[in-house]
Amino acid sequence: MDSIITDYTASCLLCGREATDTHHLLLGSDRQHADEDGLTIPLCRECHALMHNDARILMLGRILGQIAWEGKYGDRNDYRKRYKRSFV
């Protein structure tokens, strides 16, 4: 599925350079649902590494993803049912 965060997948969401990677906003057991729901963002290689190495940026991405998910699929309780947690 395409990203529900942005339609501009050719550019890095953080810096605007060419996007070479797709970052999954949720990992582990949530990754399959996240892929199905479009919880991905385009990033360049450098920003992708930064995302994985900075807990604050990682959390901001998860918050952004949840807000976008709630706008498209349901409310906060629906998000909690699907992902067993809330970041907002």
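The model is predicted, so local features need pLDDT of at least 70 and side-chain atom pairs pLDDT 80 or more, while totals for chains, interfaces and linings use all residues. Numbering starts from 1 along each chain as its sequence is written, and side-chain values use heavy atoms, with hydrogens and water left out.

**Exercise 1.** Find out which residue pairs with Asp21 in a salt bridge, and where the two sit.

- Start with the criterion: a side-chain nitrogen of Lys or Arg within 4 Å of a carboxyl oxygen of Asp or Glu.
- Helices (H or I, at least four residues) and strands (E, at least two) are DSSP runs, numbered from the N terminus.

**Exercise 2.** Work out whether Asp30 and Arg85 are buried, partly exposed or exposed.

- Grab the cut-offs: buried is under 20% relative accessible area, exposed over 50%, partly exposed in between (1.4 Å probe, protein chains only).
- Asp30 comes out at 7%, hence buried.
- Arg85, at 36%, is partly exposed.
- The two meet in a salt bridge, 2.1 Å from N to O.

**Exercise 3.** Describe the Arg56 and Asp54 pair.

- Their closest N and O atoms are 3.2 Å apart, making a salt bridge.
- Arg56 is exposed at 66%, whereas Asp54 is buried at 15%.
- Elsewhere, salt bridges with shared partners join Glu36, Asp37 and Arg82 into one network.
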